[in-house]
Amino acid sequence: MTIKIVSLTLLAAFMSLESCSDSGKPETQNDKPVSIFQANDKSKIQVALLLDTSGSMDGLIEQAKARLWDIVNTLTTLKYNGKTPTIEIALYEYGNSGLTPESNYIRQISALSTDLDVISQNLFALTTNGGDEYCGAVILDATKKMDWGSSKSDMKLIYIAGNEEFNQGEIAYEKAIQEAREHDIYVNTIFCGDRMEGINTFWKNGADKGLGKFFNINTDEQIAYIETPYDTKISDYNTKMNETYVQYGSLGAEKKQNQVMQDYNASTLSSSAATERTVSKSKAVYANSSWDLVDKVKDDKSAIKQLKKEELPAELKGKSTKEIEQYVSKKAKEREGIQRKISELALKRQAYIDQQQKKNNNQNNDLGAAIKRSILELAKAKGYTVER
């Protein structure tokens with residue numbers, strides 16, 4: 001076994017995970033969801049990350065970058081009635097002096113979206129700057145201004161992280177969390193500091209009222225990554241998989257370039273983060289029908305016939321519809337084979353990591369581990385099952 005301690009610039013590792021022992025209890029009648037839920041064939045798992053980007057939170061941002069794909073891979077293990085749900089992630093920042101007082105120093109960076117490359121891109125673009133942190137305001141904004149699911153089977157989660165008093169600002173956090181609960185959204189709080197300080201500054205109370213989980217974390221620790229014998233091979237398959245994407249439309253070239261850029265961004269953090277991203281890309285959650293013909297045809301068999309000539313990439317211009325269909329079909333088969341091999345290696349990789357962690361009694365308490373545990377607990381309460 002090789003355990004590699006990676007020192008990243010301002011990298012945050014999150015320790016001392018503490019779940020609220022009573023956060024699973026029913027709240028008052030004001031906390032009872034009042035939304036009218038609809039039946040839906042396709043369940044959704046929706047996760048909103050609300051990150052404090054004030055001057056002291058560089059470590060938090062680095063941790064979010066490092067653990068994004070690990071969190072995504074945990075979400076992909078969840079099934080509802082045997083079906084894979086749609087996964088959407090949103091990103092907010094708050095407490096940044098570069099934002100306006102009129103906005104309560106809040107910015108919605110990405111609304112709930114299945115475009116995971118955009119979420120990664122936006123995470124890597126975040127910067128920190130001074131600020132007043134209004135937790136109630138950002139929770140209310142995220143609750144009211146995004147398209148949350150309406151099915152009873154949907155799992156809707158807010159994770160808010162910061163290090164100042166939870167009750168700052170003119171919008172009371174109790175009111176904001178009540179609004180979230182009326183939409184059946186669970187509010188989880190992550191205090192970046194001492195546990196008792198988090199309790200005394202109302203972060204635990206926020207999680208209690210939101211029927212979520214409370215964590216306290218240390219943003220100055222390093223992350224222990226376990227390298228495995230499978231990482232290099234998975235990386236090789238990632239290169240081959242990227243060659244199966246067939247861009248189309250006005251955004252095709254830009255989106256394909258961003259795919260490669262987010263591969264690079266993950267690799268700058270650690271080989272483990274890069275591997276986690278590749279594993280995510282091998283799963284159904286990583287879908288790019290807005291710019292990739294292979295995924296587009298998977299959704300719509302007649303898509304190629306509807307394409308305009310100017311929407312085609314250079315290698316397909318002048319080709320007949322049949323020739324394009326054959327080309328896309330070939331790429332689809334190649335990708336399916338590569339993804340299958342990555343999935344097989346990913347299972348072996350995870351088994352290796354689990355074995356080494358058990359052997360060394362190594363229980364990670366960083367951001368990814370904390371969020372993953374809470375996701376699995378809340379998923380069980382919502383009737384989801386875990387399938388590798």
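Over the ring of which residue does the charged end of Arg 335 sit? That ring belongs to Tyr 245, and the charged end of Arg 335 lies 3.6 Å from its centre, where a charge counts as sitting over a ring if NZ of Lys or CZ of Arg is within 6 Å of the ring centre and within 35 degrees of the ring normal. The charged end of Arg 181 likewise sits over the ring of Tyr 186, 4.8 Å from its centre.

This is a predicted model, in which local features need pLDDT of at least 70 and side-chain atom pairs count only at pLDDT 80 or more, while totals for chains, interfaces and linings use all residues. Residues are numbered from 1 along each chain as its sequence is written, and side-chain values use heavy atoms, with hydrogens and water left out.

Rings of Phe, Tyr and Trp (its six-membered ring) pair if their centres lie within 6.5 Å, and planes under 30 degrees apart count as stacked, over 60 as edge-to-face and the rest as tilted. The count by this rule is 9 aromatic pairs. In one of them, the rings of Tyr 105 and Tyr 134 have centres 6.1 Å apart and planes at 55 degrees, so the pair is tilted. Tyr 105 lies in the loop between β4 (86–94) and β5 (106–113), and Tyr 134 in the loop between α2 (116–124) and α3 (135–144), so that distant parts of the chain, 29 residues apart, are linked; helices (H or I, at least four residues) and strands (E, at least two) are DSSP runs, numbered from the N terminus. Both of these tyrosines are buried, meaning under 20% relative accessible area, with exposed over 50% and partly exposed in between (1.4 Å probe, protein chains only).

Tyr 245 also pairs with Tyr 286: their ring centres are 6.4 Å apart and their planes stand at 80 degrees, so this pair is edge-to-face. Tyr 245 and Tyr 286 are each buried. Elsewhere, ring pairs join Phe 166, Tyr 173, Phe 191, Phe 202 and Trp 203 into a cluster.
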